[in-house]
Structure formats: C-alpha cells, structure tokens
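Trainee: Before I repeat any of these descriptions, I would like to know what each term rests on. Could we go through them together?

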Amino acid sequence: MRNPKGRFGIHGGQYIPETLMNAVIELEEAYNHYREDPAFQGELTTLLNEYAGRPSRLYFAEKMTRELGGAKIYLKREDLNHTGAHKINNVLGQALLAKRMGKTRLIAETGAGQHGVATATAAALMDMECVIFMGEEDTRRQALNVYRMRLLGAKVVPVTTGTATLKDAVNECMREWTSRIDDTHYCLGSVMGPHPFPTIVRDFQAVISREIRDQLKEKEGRLPDVVMACVGGGSNAMGSFYHFIQEPSVRLIGCEAAGRGVDTMETAATVNVGKVGIFHGMKSYFCQDEFGQIAPVYSISAGLDYPGVGPEHAWLHDIGRAEYVPVTDEEAVDAFEYLARTEGIIPAIESAHAIAFARKLAPEMGRDQIMVVTVSGRGDKDCAAIARYRGEDLYE
Amino acid sequence: MSKIAKAFDHGKAFIAFITCGDPDLETTAACVRAAAENGADLIELGIPFSDPAAEGPVIQAASLRALTGGVTTDRVFGLVRELRKDVTIPMVFMTYANVVFSYGADRFIRTCAETGIDGLILPDVPYEEKEEFLEACHRYDVNLISLVAPTSRQRIAMIAREAEGFIYIVSSLGVTGTRSEITTDLDSIVREIRSSTEIPCAVGFGISTPEQGKRMADLSDGAIVGSAIMKIIAREGRNAAPAVGAYVRSMTEALR
C-alpha cells in the first residue's frame with residue numbers, strides 16, 4: 001500500500017533520505033502527543049499572546065475600501081506580530097516542541113530572512129543554539145535581516161550552491177540535518193517538506209484564520225466572502241485559509257509571485273506554471289524542466305522566490321477549493337507604495353502581492369461583500385530594495 | 001536470480017559510482033570501461049539532478065558540471081546503450097525521485113530494462129514511499145535498491161526483508177564525500193541485516209582509501225566509492241580514464 005501519511009490528495013508524503021526517517025517519525029509522535037497536551041498548548045498560547053503580541057488586529061481599511069469602491073476590505077495585521085511577520089506563530093510552536101523533545105539546537109532555512117529572524121528570536125528566548133542557512137544572493141538582498149539574526153545570537157551560513165536562494169538554503173538545511181540529528185531540530189519555515197512538517201506548520205499558523213473568523217464575527221456578524229494571502233511555500237496563506245476550507249461560501253485566493261510575468265522564464269508562480277513533481281520531501285507542483293531538473297525561479301520578493309508550493313495548496317488547487325493567481329513584480333511594487341500612501345501601512349513585498357490582487361478584485365465585488373487580506377509581514381526590510389527598483393541610489 | 005547478484009559472486013564487491021556527463025559523456029564511457037577492466041564488480045551511474053540533497057560538495061559540483069554540459073536523461077540512456085555493447089558487469093542508476101517521476105516511472109524503468117540497467121538507487125525514496133516505483137521495477141525486472149542508515153535502528157529488519165539486489169549501507173551521518181574516519185557501529189547493522197535477508201550488503205559514503213575499502217568490505221560484502229572517483233575526474237578532466245582505472249585497480253586489489 002502506498003504511504004498514506006501526510007497526503008493531501010496525491011500530494012505530500014515523505015520523500016527523504018533513510019537517514020532522516022526516524023527523525024521525522026519521532027517528530028510526528030511528539031507532535032501528536034503535545035498537540036493534545038493542555039500544558040503545552042497553554043504555554044504556547046501564553047507565548048503567542050504575551051511575547052508575540054497576539055491576537056493580531058483585523059483592521060478595517062476604510063480609505064482603501066472607499067477608493068476601490070467595492071468590497072469592504074479588512075487587513076489581517078500579521079505585520080504587527082513580534083519580529084514583524086506571521087513566521088513567529090510557527091516558530092514558537094516548533095521551538096517549544098523541539099525543547100520538549102530534548103533538542104538543544106535549531107536550524108532553519110530563510111529566504112527574505114523573516115523566518116530566520118523568527119527562529120533566531122525563539123532560540124534566544126529558549127536558550128537554544130541556532131544556525132540559519134540563507135542563500136548568498138538573499139544575504140545581499142536582505143542584509144539588515146542578516147544583522148538582526150546575528151544580533152540575536154544565531155550563526156548565519158551563506159549558501160553559495162545552485163541559485164544561492166531559498167531552495168538552496170533548504171537543500172543545505174536538509175544536508176545539515178542528516179549530519180546532525182540527535183540534538184538538532186529542523187525548524188522548517190513553511191507548509192512544505194516531508195510529513196509531518198506541512199501539517200505542523202499549518203496547525204501553528206491556523207491561529208490566523210481562527211482569529212479572522214472570531215474577529216469578523218464580532219465586527220460584522222458573518223463570514224468573509226473572500227480571504228486572500230500571498231503564497232510562496234504558502235504558510236501564511238494556509239494559516240489564513242484553514243478554518244474557512246469547510247465553508248464553501250468563502251472564496252480562497254492565493255497570490256503567487258509571477259516575477260516578470262508567467263509568460264517569461266523569470267517567474268516563481270508555481271501553481272500557474274509548474275507541474276507535479278517530487279522535491280524537498282514532498283510531492284507537489286514545482287517549476288521544472290522536461291527532465292525534472294528544478295528550474296531557477298525569480299521574484300523581486302526573496303520570500304516568494306521558491307520553485308515549489310506546499311502540498312495542501314497543491315491539493316486545494318486540484319479540487320478547485322482555492323484559486324492561485326499570479327502577481328508580477330511591478331504590480332507588487334505598486335501595491336507596496338499604494339498601501340503605504342493610502343493606509344499608512346508599509347507591507348512586506350511578499351504581502352504586497354496579496355494587496356495587488358485585492359486592488360483588482362475589490363472593485364468587481366459588491367459593497368455588501370467582505371474581503372480579508374492577510375498582511376503577512378512588515379515592509380521595513382524591503383524599503384532599500386524597492387527604492388533601488390524605482391531607480392533610487394539607496395543602500396543599507 | 002537478480003543480475004546484480006553476479007557482482008557479489010567472486011568475493012568482496014567493489015562498486016564504482018560515476019556521475020554521467022562530467023565533464024562529458026565520452027569521458028564517462030571511458031571511465032566506466034576503465035573501471036570494469038580494472039576489476040570493478042558493479043557500476044553506479046549517477047544521473048545528475050539540479051538539487052542533489054544527499055550529496056556532498058564533490059558530487060554536487062560534478063552534477064552541476066554535467067548539467068551545464070547539457071546532459072539529459074535521454075542522453076544518459078544513450079550512454080548506457082553504447083556501454084552495453086561491451087560492458088557486461090551489472091550497472092545501476094543512482095538519481096533522485098523527480099528525475100524518474102518526471103520521465104514517467106513506467107517509461108523510465110522500462111527504458112532501464114531495455115538499455116541494460118539492472119537496478120535503481122533513489123536516495124530520497126525511503127521504504128515508506130517505494131511503492132511509487134516498485135510496481136514498474138517488478139514489471140521490468142529492475143531491482144529497487146534499499147538503503148540502510150546509521151539511524152535506521154528498528155527499521156533495519158523491515159527494510160532488509162523486502163530488499164532486492166543488494167542493500168546499500170550508508171556508513172555515516174551526513175552527505176556523500178570522503179571522510180578520514182568512519183565511526184558507526186557497522187558490525188551490528190550488518191548482523192541485523194543478515195538475520196533478515198540473504199541478499200548481499202555493501203557500505204558506501206566516505207570511503208576513499210584502499211585500507212578503508214578493505215575494512216568496510218570485510219565488515220560487509222562490498223565497498224562503494226563515489227566522491228573519490230569524481231575527485232579524480234574533476235582533476236584529470238577528459239583524460240581521467242587511466243587514472244580512474246589505476247585507482248579502481250588499487251581498490252579491487254585491496255579488497256580481494
């Protein structure tokens with residue numbers, strides 16, 4: 001019988017070296033135990049509330065709503081979390097779990113640096129050693145985050161192999177984990193990789209949709225009509241969608257990074273241009289050539305610059321439950337500037353992909369309809385890069 | 001009986017790994033022939049993958065050079081056809097799941113059988129996921145080789161009972177590449193394997209010197225060497241065959 005573990009339709013699974021199998025089995029057992037453990041859940045909730053600043057605000061974007069003249073727009077402000085993004089939700093959960101498992105060292109990949117900063121933060125808080133793998137190209141694009149990680153006591157290893165971006169950082173993390181398992185937990189940053197990671201990360205991020213549901217019920221007394229978020233690996237989107245999957249009236253939209261456009265080679269819109277494959281421990285959609293070689297992808301956003309997508313998203317796409325739309329660099333940069341001007345909120349360039357599609361969709365919706373857009377992170381880290389994109393000579 | 005068993009017929013087996021297409025397929029063919037002529041019992045042909053997560057720096061670099069040089073799965077099958085005109089020892093592929101999956105598992109494995117590939121090693125396909133490829137392997141009589149790692153513990157018997165061809169024992173934690181020392185308790189792993197299956201087992205990862213090769217083969221049924229050979233090819237380039245042959249000779253002499 002085929003491995004039923006961690007399957008989302010045909011996607012998911014555990015395609016990893018034998019060396020790591022007992023590690024993921026132990027992780028699954030520990031997670032299944034602690035997810036039901038009131039003491040663990042209580043400690044996590046306290047950390048999320050007291051340390052990370054949850055619940056995050058569901059903010060009614062009145063000016064944006066008025067300007068676009070359609071649906072009522074609410075912004076789920078994950079950018080207001082400690083460390084400035086949704087990544088902390090997952091990291092606090094995994095670090096706590098790793099600690100309970102007796103691990104003393106966290107390793108993680110990072111693209112934009114947000115997950116690396118969150119992991120370094122949790123490691124500092126919980127007295128754990130921390131090593132972050134980051135593509136060399138990304139260490140240049142996100143130099144400030146490299147400094148933040150070092151400041152927090154983490155070692156940052158620039159990855160020079162392959163395209164020197166996020167996928168290569170994941171490769172290096174996998175290699176590091178196979179060489180040191182006993183004391184080390186791989187704190188994977190998105191809803192991807194081998195089972196049980198896609199489930200664990202989704203569960204820790206599901207707090208986003210649980211709060212949206214409660215907060216909107218209080219404000220509007222009903223469910224939203226649309227929930228949308230940006231998708232790289234897809235953790236903030238999965239967290240935003242999760243508690244609405246069983247509500248057919250809620251339209252779920254993931255915004256992929258199209259880079260210079262889905263009709264060019266310089267894109268990272270995996271669901272739109274990829275095909276089914278097996279990589280990084282999972283079966284899912286991947287950008288690849290006809291012989292299965294993983295394609296170099298491109299996006300202005302280091303956090304969405306990934307050739308795959310989480311297996312649960314692949315499945316939601318297959319069954320038509322969620323839609324995945326491409327958003328170009330240019331549209332995302334416009335949206336970055338738009339939200340800053342209109343609402344006084346500077347979103348992460350990743351989140352700006354979702355804002356960009358909201359600008360397109362909201363005017364087509366009725367004034368009695370409600371749209372929730374997750375602002376997954378804050379944009380301070382992107383200011384220099386966007387300025388350069390606009391031709392300003394600004395360096396950090 | 002598995003064709004791969006032939007490799008273990010006459011004492012300890014020496015298994016040579018070569019990345020296809022580094023620096024080009026002609027060099028690969030010459031190196032395979034040199035290895036066979038100098039006593040290699042089995043050849044592992046590596047089909048390069050863009051993201052070889054189980055490999056250390058030497059084979060990563062070899063894979064990159066091969067892909068940059070334009071090697072594709074179809075060209076590798078062409079190489080096998082060419083080699084099978086005169087190379088009679090068993091040959092297996094080592095590659096990653098996506099290379100096989102994207103070609104179509106049935107089509108890939110059928111072509112293996114047609115061209116003369118006897119087995120398949122997929123380092124990112126553990127016991128739990130082997131069904132994906134096993135059906136076609138059985139249909140075309142290509143052995144899917146199982147790996148056992150230092151961390152396998154209670155999984156060894158389960159893996160060994162269903163293993164075919166030979167069992168690839170991963171000597172150490174981490175990725176492929178030469179190591180000065182191998183400290184894993186391989187004795188107990190081999191004992192556990194032998195209590196569950198009759199098929200042979202060979203040790204790979206980290207072996208480079210004749211002394212290491214002999215020690216690993218004494219513990220098991222054979223030794224597998226990859227990075228040490230690819231280092232020679234990286235150094236010697238298109239004229240690597242004689243040096244590869246001499247190296248294989250030194251290893252096979254030490255093993256027997």
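Mentor: We shall take the terms in turn, from the chain to the contacts and the core.

Mentor: This is a predicted model, in which local features need pLDDT of at least 70 and side-chain atom pairs count only at pLDDT 80 or more, while totals for chains, interfaces and linings use all residues. Residues are numbered from 1 along each chain as its sequence is written, and chains are lettered from A in the order in which they are written.

Trainee: What share of chain A counts as buried?

Mentor: With buried meaning that 20 or more other C-beta atoms, placed from the backbone, lie within 10 Å of a residue's own, the share is 62% of the 396 residues.

Trainee: How many residues of chain A are in contact with chain B?

Mentor: Contact requires C-beta atoms, placed from the backbone, within 7 Å, and by that test 31 residues of chain A meet 33 of chain B. The largest share of the chain A side, six residues, comes from α8(A), a helix (a DSSP run of H or I, at least four residues).

Trainee: Which residues have the most contacts inside the largest nonpolar core?

Mentor: Such a core joins buried Ala, Val, Leu, Ile, Met, Phe, Trp, Tyr and Cys residues through C-beta atoms within 7 Å; the largest has 231 residues, and B:Ala16 and B:Ala223 have the most contacts inside it.

How values were computed:
A residue is buried if 20 or more other C-beta atoms lie within 10 Å of its own, exposed if 12 or fewer, and partly exposed in between; C-beta atoms are placed from the backbone. Two residues are in contact if their C-beta atoms, placed from the backbone, lie within 7 Å. Helices (H or I, at least four residues) and strands (E, at least two) are DSSP runs, numbered from the N terminus.
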